[in-house]
Amino acid sequence: MATRRLAVSTAVAAALIGTFSVPLVAGTASAADRAVTVREDFNGDGYQDVAVSAPGATVGGHAWAGYLTITYGTPSGLDTAHPTVITADTPGVPGESHENGVFGAALVARDLDGDGLTDLVLGGREYRAEENVSGSVIVLWGRTAGISGQDAVRIGAAANAEVGEDLTAGDFNGDGHTDLFMRSGDDYDYRAVLYGPFDRTGAPASEQQLMVFSTDNTLNSTAAGDFNGDGIEDLATFFVYENHAEGGKLWLGTKDGLATVPQRLPSASATAVADFDKDGYADLATRVFPGGDTELVDDPGTVKIYYGSSSGPSQTRTKTFTQQTAGVPGVSEKNDHFGARLSAGDVNGDGYPDLAVGVPGEAIGSVTKAGSVVLLRGGKGGLTGTGAQAFHQDTAGVPGVAEKGDLFGGSLRLLDVTGDGKADLTAGAPSEDLGTVKNGGAVWVLRGAASGLTASKSVAHNPVDLGAPSANAQYGANLSGDNGPGVNFP
């Protein structure tokens, strides 16, 4: 698929597994058992679809302008022969491509207007001088003919506002409509909670300003899920200051919206949410900051699960996984970054969500930072290392070749694109070279099966295949619903 490469861009590698900047969004899940069946079906045909970000791409002569693609699910897998490519210059999309715009760098797939079709919310960097507004959040509406720029809207922001950071979706008042949490205002200490349903102008039904910060720090990750089992999603926010982890806060969802007084949580880097043991409480999967150091230099990687309870994520019922855990393939080594990305879904159709763990710094043999993905199984007792699987580009049946600095597993999403009731793994290698094209990026799909993930019938595609801009595109840097730490803008 790609020719053997000699080196990887230091900046790209740091962006994904070393230097962790403030992300736009992290993992979300609906009320406990809904986490398994969240649909990302943009055209309503019953098959889940995949949106892929290429934030580094040059568009219209503008470096790092970015674009996104949508490929639709079918019984035989993703239909890469008929992709949709959308940029800020696509007719109907507000604004235009510009340097460092990273259009679509954050992607959230949820039904905002309640019409039964999944919409795509995307964030990027846009400066509108006439309003003195920095940042942009745009909605592309789901359509039976497929997503396009038609009727796309920008979610409004007041003059002098900073918009779009920390973009997270959930149903925080339990009314069955999707709500959005994000920065939208000129006061840094607050974040907006926009309650759905949204109308086709992008206006929410109501809005809450939530004072999120109590000290001089920043948000590094978020997660949404029904952690206390009351049928309403809660919001977890995690904080850092310079290179120090500053803990987290849990904002319980209520019928009136998010509570304004939070509970304390431990720190976390990347997150995913699902009810891994099917006890009615959503569980929180996190990557651990070792010793509270957010720089993660040489970190082998550790994943910690906080199981849900009537009071939220339990501080006593937890489970920790590394590559030294019994049954987990591989060995914990410097720079592996086990847990850099996380995604939950039911791969084998047994009713219990499983957890895909990105290991983008994993060496495959002597090939450094080639990357891999590990699958942990869910079950009655929760996640376990027993029966865990690992896949990389040198796995038999997986297209391509493990090459230095590919960062396979730098993005992850478990989605049932074939409609057979088993989640398939979509995994990105954003630093994959495409022949002579550096850091073009590529995406793989591995099928779910009763035995777990399988390399049989696995496929890969990249920007060249889709006829999209490829040079430094970093295609696969993010997938819809997968925007954990590591999105580092120029």
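1. Let's start with burial: in this predicted model, 60% of the chain's 490 residues count as buried.

2. Next, the overall build. The chain's secondary structure consists of 2 helices and 32 strands. Taking the contacts between residues at least 6 apart in sequence, 57% join residues at least 24 apart.

3. Now for a look inside. The structure holds 2 cavities of 30 Å³ or more, and the largest cavity has a volume of about 130 Å³. Its lining is made up of 17 residues, and those nearest the centre are Ala88, Gly101, Phe103, Arg125 and Glu126. Strand S5 (119–128) and strand S6 (133–140) are the elements that give two or more residues to this lining. S5 gives the most, with 5 residues.

4. By class, the largest cavity is lined by 6 nonpolar, 8 polar and 3 charged residues.

5. You will find Asp45 in the loop between helix H1 (10–17) and strand S1 (50–54). Is Asp45 buried, partly exposed or exposed? Asp45 counts as partly exposed because its relative accessibility is 37%, and partly exposed covers the range between under 20% (buried) and over 50% (exposed). Asp45 also pairs up across the sequence with Gly142: the two are 97 residues apart along the chain, while their C-alpha atoms are 11 Å apart in space.

Notes
Residues are numbered from 1 along each chain as its sequence is written. This is a predicted model: local features need pLDDT of at least 70, side-chain atom pairs count only at pLDDT 80 or more; totals for chains, interfaces and linings use all residues. Side-chain values use heavy atoms; hydrogens and water are left out. Helices (H or I, at least four residues) and strands (E, at least two) are DSSP runs, numbered from the N terminus. Buried means under 20% relative accessible area, exposed over 50%, partly exposed in between (1.4 Å probe, protein chains only). On a 1 Å grid over the protein atoms alone, a cavity is a set of points where a 1.4 Å probe fits but cannot get out, and a pocket is an open set with protein on both sides within 12 Å along at least five of seven lines; lining residues have an atom within 4 Å of a point. Grid points are joined across faces, edges and corners, and a volume is the space filled by probe spheres set on the points. Ala, Val, Leu, Ile, Met, Phe, Trp, Tyr, Cys and Pro count as nonpolar, Asp, Glu, Lys and Arg as charged, and the others, Gly among them, as polar. Contact means heavy atoms within 4.5 Å.
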